[in-house]
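Please keep the sequence and the coordinates at hand while reading.

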Amino acid sequence: MKLIVNKHTGRRVLINPIRDLRKSDFSAMEHDECPFCPNYQRNEKYLRYEEKIIDHWITRSIDNKFPALICDHDRHQRGEIDYGRHEVMIETPEHFKNYYDFSEEDFFHVFRMYKNRYMALTQEECIASVIIYKNHMKSAGASKVHSHSQILSMSFIPPEIEKEIKMSQLGSFSSEQYKIYEDESFIAFIPPDAFFSGELIIRHKSSTQFQSITEQEMKQLGTIFYHIFGKISQIYGFIPFNTYLHSLPKDVCADEYYWHIHVIPRKGKFGGFELGTGLYINSLDIDSAVKKFKK
Ligand SMILES: [Zn+2]
Ligand SMILES: [Zn+2]
């Protein structure tokens, strides 16, 4: 559970042997044993958040059984580990429902949970940054079929966010030339220089930190997600994807950094070229992609 620098490549690596014990349920279509389904008997001490309609929960967040980091203050203070909390946010009680089936209202409830958990995790004193991410389907890194996102708080700022902050300070953050959607709070666009072909970014227009999102903005974001995932399924089919939310860490000043969500349809796979060069070939026909997403 410690961040180290690899002596060969200089890349930073989080060492964590317990993550290897995770089980995948993609081979089994049955969901009797799914730990995210409502009928699963789970110890309530792991429950961190729940939104209910009458007697039934619609979203809930639980401790991740295989956390990337652990919250042990003593060991953190002795310098033995890096500190963090890791939760799984279950986005629907329905086992097979996913973002391609979600309504605008379903997304709204997901973002309401995101905000609650983001605020709770970012408040801890020793926390430097918090990330929310989602893997959909096995080839995008998911180990469970049941729709969920994850939230991870960290006692350090991860390299990707550090790099983005630096770019924002150079004034070159987020190219919005290829806009596909806009309302009073958000802009959604396809970056022509994206590392991943087909990546989309949904960015707040004026707010640096995610926790300031309002109920009205959660509704707007629900509309944007509904629109975008409808388009992804029309253009690429029901393909695996990743999303991740970047927000300015609490003790960092960067006026030009605005919180945003990356949506990455996983059209291609990584191979020796990408691993060996640290490069990724973006093969997107940007003008035609923008036209298709705008329609
Ligand atoms: Zn399930
Ligand atoms: Zn980002």
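A residue is called buried under 20% relative accessible area, exposed over 50%, and partly exposed in between, with a 1.4 Å probe and protein chains only. By this criterion, both His246 and His262 are buried. The model is predicted, so local features need pLDDT of at least 70 and side-chain atom pairs count only at pLDDT 80 or more, whereas totals for chains, interfaces and linings use all residues. Residues are numbered from 1 along each chain as its sequence is written, chains are lettered from A and ligands numbered from 1 in the order in which they are written, and side-chain values use heavy atoms, with hydrogens and water left out.

The two histidines belong to a metal site. The zinc ion (ligand 2) is coordinated at 2.0 to 2.5 Å by Glu164 (OE), Glu164 (OE), His246 (ND1), His260 (NE2) and His262 (NE2). Donors are N, O and S atoms within 2.8 Å of the metal (3.2 Å for Na, K and Ca); water is not among the atoms, so sites may look incomplete. Along the chain, the donors of this zinc ion follow the spacing E-x81-H-x13-H-x1-H. Strands (E, at least two residues) and helices (H or I, at least four) are DSSP runs, numbered from the N terminus.

Strands E11 and E12 take part in an open sheet of 10 strands, with antiparallel pairing and the order E3-E4-E5-E7-E6-E11-E12-E10-E9-E8. Strand E3 (47–53) and E8 stand at the edges; each has a single partner strand, so one side of each is left without a neighbour in the sheet. Two strands pair if DSSP finds at least two bridges between them. Strand E8 (residues 179–182) pairs with E9 in the antiparallel sense over three bridges, and a hairpin joins E8 to E9 through three residues. Within these pairings, Glu182 has Ile187 in E9 as its bridge partner, while Ala188 has Ile202 in E10. Strand E9 (residues 186–189) directs Phe186 and Ala188 one way and Ile187 and Phe189 the other way, and all are buried. Elsewhere in the sheet, five bridges join strand E6 (residues 129–136) to strand E7 (residues 148–154), which run antiparallel.

Two helices form a further packing unit. The axes of helix H2 (residues 104–122) and helix H4 (residues 215–236) come within 8 Å and cross at roughly 125 degrees. That makes H2 oblique to H4, since angles under 35 degrees count as roughly parallel, over 145 as roughly antiparallel, 65 to 115 as roughly perpendicular and the rest as oblique. Axes are lines fitted to C-alpha atoms, for helices over the stretch in contact, and angles run from 0 to 180 degrees between N-to-C directions. Gly222 is placed in helix H4 and counts as buried at 0% relative accessibility. Not counting residues up to four places away in sequence, Gly222 touches Glu104, Phe107 and Phe111, contact meaning heavy atoms within 4.5 Å.

Two loop residues conclude the account. Most residues other than glycine have a negative phi. Ile54, in the loop between E3 and strand E4 (56–63), has a positive phi near 50 degrees and is exposed, with a relative accessible area of 77%. Met137, in the loop between E6 and E7, has a positive phi near 80 degrees and counts as partly exposed at 33% relative accessibility.
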